[in-house]
Amino acid sequence: SDLFIIHSSIVNYKNEILLAKEIKERFNGKIGFIGPFSTVCSNLYSKYVDFIVIGEPEKAIMDISISNNIPKGLVQSESIIDIDKLPFPNWDGFPILNYDFKPILKRKNFLVMSSSRGCSLFCNYCPYIVSFKKFRKRDTKKIVDEIEYLHSKYKMKSLLFRDQTFTFDRGWVVDIAKGILKRNLSIEWSCETRLDFLDKELLDLLSSSGLKHIGVGIESFDDKILRSSTRKPINNKHQEEMIKYCDKIGVSVLANYIFGFPTDTKENILKTIKYAKKLNTPFAAFNIFTPYPGTKFYEIMKDKIYEDFEKFTTSHPVFHHNNLSKEDFLKLREKAYIQYYFRPRWFLKYGFRYR
C-alpha cells in the first residue's frame, strides 16, 4: 500500500506513533491520522505523519481518493450533514466470528452500528461531543435496511447500537423497532440512552423487537454536582421505576457512575455507592472522572493534570483534585466494586443469570 490511514486513540497514542514510524521505515508509505484525539492533539502526531484530518474524516478521505493527491499537514474536513449518503460499512475480511458481547448479548454473530451521530445534550465532561459537533439522525428505513443487510450477509444475530442517546427521539426509535418487527429480523440488541428517555410502553415495544440490554449514566447521587457539569439530572423516582421495569421484562441494565467531579467529596462518593447498591442493576461500572482533551472540563483542569494520556482510561486518577488524593480515588473505586458485586442481594439475583 502507498497510503495508510490510522484512527487515533488516546490511551494507545504512543504505540500508534511507533506504528507510523515502522510503516515509514518498512514501506515508505504515506500516513494519515484521523479521529477526535488526533484532531484536538495534532501536535503529538504531526512530525511522524504526512497529514492529519481535522474533524469527521469521510469527506477528506473521499476527496483524496478522487483527486489521487495525498495532502500534507492539517486537512480540514467538512462534516457530512446527510449521513444517509454514507454506504453501509463493509465487514468483509474482519474476524466477525470472533466478536461477541457476552454476557450482555449471548447470540453470535455480533456486530455494531450507528444510527445517528453526535448527541443532543452537552455535558461538559463527555468526550462524545468532541467526535461529532452536530447531532444528526439517519432515516429509519435506511437503519432497518442496514440491520437486514448485516443479518443476511453476515448472519448477524446480535447488535449494539453505538448511538450516545439512542431513544432521544421517541417516534424515531419506535419506527426502527417496528421496522425490525415488520421484517421479522430475529436479532437481540443493546443500546445506550438516558432513563428519562424511556417509559414502560416504549420499553415493551423495544423488548418485543429484540432489546436485551441498555447502558445508562447515573453518574452521581448529587444533583448539584451533575448540574455543575451541565448534565440534566433524572428524577430518582422515574429512574428507579424504569430500572425495576427493565428487570421485570428481561432487559438488563449497565449503570455507569463517575467518581471525582471537580466538586466531589468522599462523603458524596460514598452516597453514590450506597445509591448504586439500592438500584441493584445487573451491571455497574465505577469510573474515575477524566477530563478528555476537547471538552470544556479539559480546558478548566489542564493545569492540574499530572498523568500522561496513556492513563486516561477512567481507571486512573489523572489530575490533582481539590478534595481527594490519588489514593482516595483508588480506594473508593475498589471499595465500590467489592461492596457492589460481593453482596448477597446482587449475587442471589444475578450471580447465575449472566455467565
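This is a predicted model: local features need pLDDT of at least 70, side-chain atom pairs count only at pLDDT 80 or more; totals for chains, interfaces and linings use all residues.
**Figure 1. Two pairs of aromatic rings.** A pair of aromatic rings is described by the distance of the centres and the angle of the planes. The structure holds 32 aromatic pairs. In one of them, the ring centres of Phe101 and Phe110 are 5.2 Å apart and the planes meet at 10°, so this pair is stacked. Phe101 has 24% relative accessibility and therefore counts as partly exposed, whereas Phe110, at 7%, counts as buried. The rings of Phe161 and Trp189 have their centres 5.4 Å apart, and because their planes stand at 90°, the pair is edge-to-face. Phe161 lies in strand β8 and Trp189 in strand β9, so the pair ties together parts that are 28 residues apart in sequence. Both residues count as buried: the relative accessibility is 0% for Phe161 and 1% for Trp189.

**Figure 2. The open sheet of six strands.** The 6 strands follow the order β5-β8-β9-β10-β11-β12, and their pairing is parallel. The edges are formed by β5 (110–113) and β12 (283–288); each has a single partner strand, so one side of each is left without a neighbour in the sheet. On average, and with direction ignored, neighbouring strands of this sheet are turned by 20° against each other. Within the sheet, strand β9 (residues 188–193) runs parallel to strand β10 (residues 211–219), and 5 bridges join the two. Glu192 has Gly215 of β10 as its bridge partner. Helix α5 (residues 140–153) packs on the sheet, where it touches β5 and β8 (158–161). The direction of α5 makes about 160° with that of β5.

Figure 3. Of the 6 residues of β12, 6 are buried, so the strand is largely enclosed by the rest of the structure. Phe283, Ala285 and Asn287 point one way from β12, while Ala284, Phe286 and Ile288 point the other way. Strand β11 (residues 252–259) pairs with β12 in the parallel sense over 6 bridges. In this pairing, Ile258 stands opposite Asn287 of β12. From β11 the chain crosses through helix α10 (residues 266–279) to β12, and this β-α-β crossover is right-handed.

**Figure 4. The open sheet of four strands.** A sheet of 4 strands, also open and with parallel pairing, has the order β1-β2-β3-β4. Its edge strands are β1 (3–7) and β4, each of which pairs on one side only. Neighbouring strands of this sheet are turned by 25° against each other on average, direction ignored. Strand β1 is joined by 5 bridges to strand β2 (residues 30–34), and the two run parallel. Leu3 stands opposite Lys30, a residue of β2. Helix α1 (residues 13–27) packs on the sheet through contacts with β1 and β2, and its direction makes about 160° with that of β2. Helix α3 also packs on the sheet, touching β1, β2, β3 (51–54) and β4; the direction of α3 makes about 135° with that of β3.

**Figure 5. Backbone details in the loops.** Most residues other than glycine have a negative phi, and most peptide bonds are trans. The peptide bond from Lys102 to Pro103 is cis, with omega near 5°, and Pro103 is found in the loop between β4 (73–76) and β5. Lys108 and Asn109 are likewise joined by a cis peptide bond, with omega about 15°; Asn109 is placed in the loop between β4 and β5. Asn68 has a positive phi, near 60°, and is placed in the loop between α3 (58–67) and β4. With 66% relative accessibility, Asn68 counts as exposed. Lys155 also has a positive phi, near 55°, and is found in the loop between α5 and β8.

Conventions
Residues are numbered from 1 along each chain as its sequence is written. Side-chain values use heavy atoms; hydrogens and water are left out. Two strands pair if DSSP finds at least two bridges between them. Axes are lines fitted to C-alpha atoms, for helices over the stretch in contact, and angles run from 0 to 180 degrees between N-to-C directions. Contact means heavy atoms within 4.5 Å. Rings of Phe, Tyr and Trp (its six-membered ring) pair if their centres lie within 6.5 Å; planes under 30 degrees apart count as stacked, over 60 as edge-to-face and the rest as tilted. Buried means under 20% relative accessible area, exposed over 50%, partly exposed in between (1.4 Å probe, protein chains only). A crossover is right-handed if, with the strands pointing away from the viewer, the path from the first strand over the helix to the second runs clockwise.
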